[in-house]
Amino acid sequence: MSKLIDDKLCQYFEPEKVEEAFWRYKEAKHDVLTEEIRIPMGADGISSKTFEKELSRRCQFISKRVIQGTYLFYPFREVNIPKPSGQERVLAIATMRDVLVQKILYELLYEEVEKLFNATFKLDRVSCAYRKGKSAPYAARLIHNYIQSGFQFSLDADIVKFFDVIAHDRLISIIKDLFGPESRVSTLLRRFIKTRGVPYRDEQNERRNIQIFHHYKPPRNVRVKGIPQGGVLSGMLANLYLHEFDRWILEDLAQEVPLRYVRYADDFVVLLKTQEDLPAIHSRVEEKLGEIKLQLHPILDNLENSKTKYVDISKKPLLFVGFELTLTDIKVSPNNIQRFQNKISQKLEKEKSYKFSDNPRERFFSLVDYVINKKIQGRPENLCPVCEGLLDKNNRNWVGFFSVVTDTQQFHDLDKWIRAQLCQYFYKTYQIRLKRRDFRKAKLASISQEYYKNHRLKKCFWNALNFQDILYEEIITMTDEVIQISSHLNI
């Protein structure tokens, strides 16, 4: 395995491949609402624009160091992101070059790691985060199916500071067993795991100004436990760490009690048919996690604030990965509805700062066209020019993410709320009353219509046939030739 995986590493990290990875990453970071490229700067003080100016030289440097086995990761710039619970999550912002190495390494290892995750049909359906074809909506749909088949009692569990406490000795042992103890891949992953971050606050508890990284060179301290949170490589390693736990639940625990199990990163649910089995299952799960140096959040007396809880879904909805699941429906969670409304409200608060016409009614048309519609519709669908099928597996807008929702009344209610907010704002600010014809003329996008549109879209015909050996350009050429021949024959 060591030689094979290292040979593959040399192919994936050719300078041209590294450059291609940069352009793909830049395109993914294009914000359709602002037309900006949003790539955060790392702790080396080098912005993506500066990196791009010397792209060829920097990609050659990355390629050479990785292939020779001398590549070192730069310390991460840590930022604190508020969580819905009111606490904060520490995200690790990598340098531009480290981002590329992580992404290429993820693609390099993906197939090998997937052999573990999809070894059986049941195992393949467990881990829903950081995997292609898996997602939070996928997890919600799975759980909904299980609930409808009678598994209505849930252990809704959350691991305490999972990414921060992962044991290095165990994770590195897993990596060595999988990729070989002496391989350059194992060495690169070990260096990634051991790389520390620059704290969000300095010694005086003041937030570090991002400009400081233009002249501040952080020390290369070693991380003793946990892994950086925020990148695809971290997600892959997290899944690897919990893989044996997943197998234990499916192969051992499920033999004792009928259950269903779904995990999204460090959040997971164990679904049962009888409420009486919940405490025993909870105890067994806690004990098993303790063996791999992890622990669950305790069940609090105030269940509303408890991250680990028992849920009787016939009496109370199960909230999981942004969805609200009942015995009959999949809904958008109340928190996500509120966040969407907050974002629309923020757009209205900034309305006066937009450089639109001075005419209030024309400002309304511009606001709808350039701001509100883009927020609702997101990025345009990436359609195949041959069959007009959807090329992307996931639609790039808010309602596209929630397309598995079965209670569409939520979307109709949001449409009404948006119209009411616009009417209220323009009357209060400009003393004009908006009429139905104004909304029709402005062509205000509808969330409910976007929902139905997403369900009508079909996947690309060519992707469905899985023509992996045919280049996309060849498909287009073949199609053009067929059209020309048909035209010549008057077919």
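Biologist: How many bridges join β5 to strand β9?

Modeller: Glad you asked; bear in mind that this is a predicted model. Strand β9 covers residues 309–312 and runs antiparallel to β5. Within this pair, Ser154 stands opposite Val311 of β9. The number of bridges joining β5 to β9 is four.

Biologist: And in β8, which residue is the bridge partner of Leu155?

Modeller: Strand β8, residues 267–272, runs antiparallel to β5, and six bridges join the two. Among the pairings, Leu155 has as its partner in β8 Val270.

Biologist: Are Ser154, Asp156 and Asp158 buried or exposed?

Modeller: Let's take both faces of β5. Phe153, Leu155 and Ala157 point one way, while Ser154, Asp156 and Asp158 point the other way. The strand, residues 153–158, is mostly covered, with six of its six residues under the 20% relative accessible area cut-off. Ser154, Asp156 and Asp158 are therefore classed as buried.

Biologist: Moving on to the open sheet, which strands stand at the edges?

Modeller: This sheet has three strands in the order β10-β11-β12, paired antiparallel. A strand with a single partner has one side left without a neighbour in the sheet, so the edges here are β10 (318–320) and β12 (330–332).

Biologist: In β12, what is the bridge partner of Glu324?

Modeller: Strand β11, residues 323–325, pairs with β12 over three bridges in the antiparallel sense. For Glu324, the partner in β12 is Lys331.

Biologist: Which helix lies across β10, β11 and β12?

Modeller: Look for the helix made of residues 136–148. Running at about 5° to β11, the helix across these strands is α7.

Methods: Residues are numbered from 1 along each chain as its sequence is written. This is a predicted model: local features need pLDDT of at least 70, side-chain atom pairs count only at pLDDT 80 or more; totals for chains, interfaces and linings use all residues. Side-chain values use heavy atoms; hydrogens and water are left out. Buried means under 20% relative accessible area, exposed over 50%, partly exposed in between (1.4 Å probe, protein chains only). Two strands pair if DSSP finds at least two bridges between them. Contact means heavy atoms within 4.5 Å. Axes are lines fitted to C-alpha atoms, for helices over the stretch in contact, and angles run from 0 to 180 degrees between N-to-C directions.
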